[in-house]
Amino acid sequence: MATIKVKQVKSRIGAPLYQKRTLDSMGLRKLNHVVELEDNPSVRGQIQTVHHLVKVIG
């Protein structure tokens, strides 16, 4: 199964609650935290929701 790495590059402070919950569900807890997730449509949608707070590494 293909995976992608996602890094949180901006703070969640001031973000709406649904974006904070999206970060939590992705496993991103603090700034510069990197998680490896499955590459599937569900995760792609989560990334799109918080695209301004995260960066896809690979």
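Trainee: Is Met 1 buried or exposed?
Mentor: Met 1 counts as exposed, because its relative accessibility is 82%. By definition, buried means under 20% relative accessible area, exposed means over 50%, and partly exposed lies in between, with a 1.4 Å probe and protein chains only. Before we continue, please note that this is a predicted model, in which local features need pLDDT of at least 70 and side-chain atom pairs count only at pLDDT 80 or more, while totals for chains, interfaces and linings use all residues. Residues are numbered from 1 along each chain as its sequence is written, and side-chain values use heavy atoms, with hydrogens and water left out.

Trainee: Where is Met 1 found?
Mentor: Met 1 sits in the segment before β1.

Trainee: What does the secondary structure come to?
Mentor: The protein has two helices and three strands, and along the sequence they follow the pattern β-α-β-α-β. The radius of gyration is 10 Å, close to the 10 Å that the globule rule gives for 58 residues, so the protein is as compact as a globular protein of that length. Helices (H or I, at least four residues) and strands (E, at least two) are DSSP runs, numbered from the N terminus. The radius of gyration is taken over C-alpha atoms, and the globule rule is 2.2 Å times the number of residues to the power 0.38.

Trainee: What box do the C-alpha atoms fill?
Mentor: Taken along the principal axes, the box is roughly 35 × 20 × 15 Å. Of the 58 residues, 29% count as buried.

Trainee: And what about contacts along the chain?
Mentor: Consider contacts, meaning heavy atoms within 4.5 Å, between residues at least 6 apart in sequence: 70% of them join residues at least 24 apart.

Trainee: Let us turn to charges. How many side chains are positive and how many negative?
Mentor: There are 10 positive and 4 negative side chains, and the centres of the two sets lie 12 Å apart. Lys and Arg count as positive and Asp and Glu as negative, with His and the chain ends not counted. The place of a charge is taken as NZ of Lys, CZ of Arg, CG of Asp or CD of Glu.

Trainee: Why might such side chains pair?
Mentor: Side chains of opposite charge can pair when their charged atoms come close.

Trainee: How many salt bridges does the structure hold?
Mentor: It holds three salt bridges, a salt bridge being a side-chain nitrogen of Lys or Arg within 4 Å of a carboxyl oxygen of Asp or Glu. In one of them, Arg 12 pairs with Asp 24, with the closest N and O atoms 3.0 Å apart. Arg 12 lies in the loop between β1 (3–8) and α1, and Asp 24 in helix α1, so this pair ties together parts that are 12 residues apart in sequence.

Trainee: Which residues are linked with Arg 12 in a network?
Mentor: Salt bridges link Arg 12, Asp 24 and Arg 29 in a network. Arg 29 pairs with Asp 24 at 3.1 Å between the closest N and O atoms. Arg 12 is buried at 18% relative accessibility, Asp 24 is partly exposed at 31%, and Arg 29 is exposed at 54%.

Trainee: What else does Arg 12 touch?
Mentor: Leaving out residues up to four places away in sequence, Arg 12 touches Lys 20, Leu 23, Asp 24, Leu 28 and Arg 29.

Trainee: Which side chains meet at 2.8 Å?
Mentor: Those of Asp 39 and Arg 44 meet in a salt bridge, at 2.8 Å from N to O. Asp 39 is partly exposed, with a relative accessible area of 27%, and Arg 44 is partly exposed as well, at 43%.

Trainee: Now the helix. Where does Gln 19 lie?
Mentor: Gln 19 lies in helix α1, which covers residues 17–26. Its relative accessibility is 7%, so Gln 19 counts as buried. Not counting residues up to four places away in sequence, Gln 19 touches Thr 49, Val 50, His 52 and Leu 53.

Trainee: One last item: what is phi of Asn 32 near?
Mentor: It is near 65 degrees, a positive value in a residue other than glycine. Most residues other than glycine have a negative phi. Asn 32 lies in the loop between α1 and β2 (34–38).
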